[in-house]
Amino acid sequence: QVQLVESGGGSVRTGGALRLSCAASGRIFRSTAVGWFRQAPGKEREFVAAVNWNGGSTDYTDSVKGRFTISRDNAKNLVYLQMNSLKPEDTAVYYCALAAGSFYTDYVPRDGFAYWGQGTQVTVSS
């Protein structure tokens, strides 16, 4: 059974920084991609970033490029999302997700994530 638990959310001012963590159980974590998604009140879930199985390839939505960095530590079963220069529009619940399908590939998907964490709230005030 795969379990994902997000942490690190909080409330910061515009321009501040947060680092989100995703702790994963299950050995398949180390062989497939992990993504971060967010959902703001009244809006649909949005892809934020993803990283392939070994951290060699990443992908970001345009709105966070240059500000957010996704990384992973497979030895610790952890994925991080470093969020710098935060803006009020970054306010959302952030979810960690594990991809299903191909393993040990450099392809970074934006869809097909089968396992989800409970989410962690990020609030950026102006």
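Is Cys-96 buried or exposed? Select Cys-96 to begin: the residue is buried, with a relative accessible area of 0%. Here buried means under 20% relative accessible area, exposed means over 50%, and partly exposed lies in between (1.4 Å probe, protein chains only).

Some conventions apply throughout this tour. The model is predicted, and therefore local features need pLDDT of at least 70 and side-chain atom pairs count only at pLDDT 80 or more, while totals for chains, interfaces and linings use all residues. Residues are numbered from 1 along each chain as its sequence is written, and side-chain values use heavy atoms, with hydrogens and water left out.

**First stop: the whole protein**

Display the complete chain as a cartoon. The protein has 0 helices and 11 strands. Both kinds of element are DSSP runs numbered from the N terminus, helices (H or I) having at least four residues and strands (E) at least two. The radius of gyration is 14 Å, close to the 14 Å that the globule rule gives for 126 residues, so the protein is as compact as a globular protein of that length. This radius is taken over C-alpha atoms, and the globule rule is 2.2 Å times the number of residues to the power 0.38. Along the principal axes, the C-alpha atoms fill a box of roughly 40 × 25 × 25 Å. Of the 126 residues, 47% count as buried.

**Second stop: the disulfide**

A disulfide is a covalent bond between the sulfur atoms of two cysteines. In this model, the term is applied to a pair of cysteine sulfur atoms within 2.5 Å, and the count by this rule comes to 1. The sulfur atoms of Cys-22 and Cys-96 are 2.0 Å apart. Their link is left-handed, with -70° about the S-S bond. Cys-22 lies in strand E3 and Cys-96 in strand E9 (residues 92–99), so the pair ties together parts that are 74 residues apart in sequence.

Keep Cys-22 selected and colour strand E3, which covers residues 18–24. Cys-22 counts as buried, at 0% relative accessibility.
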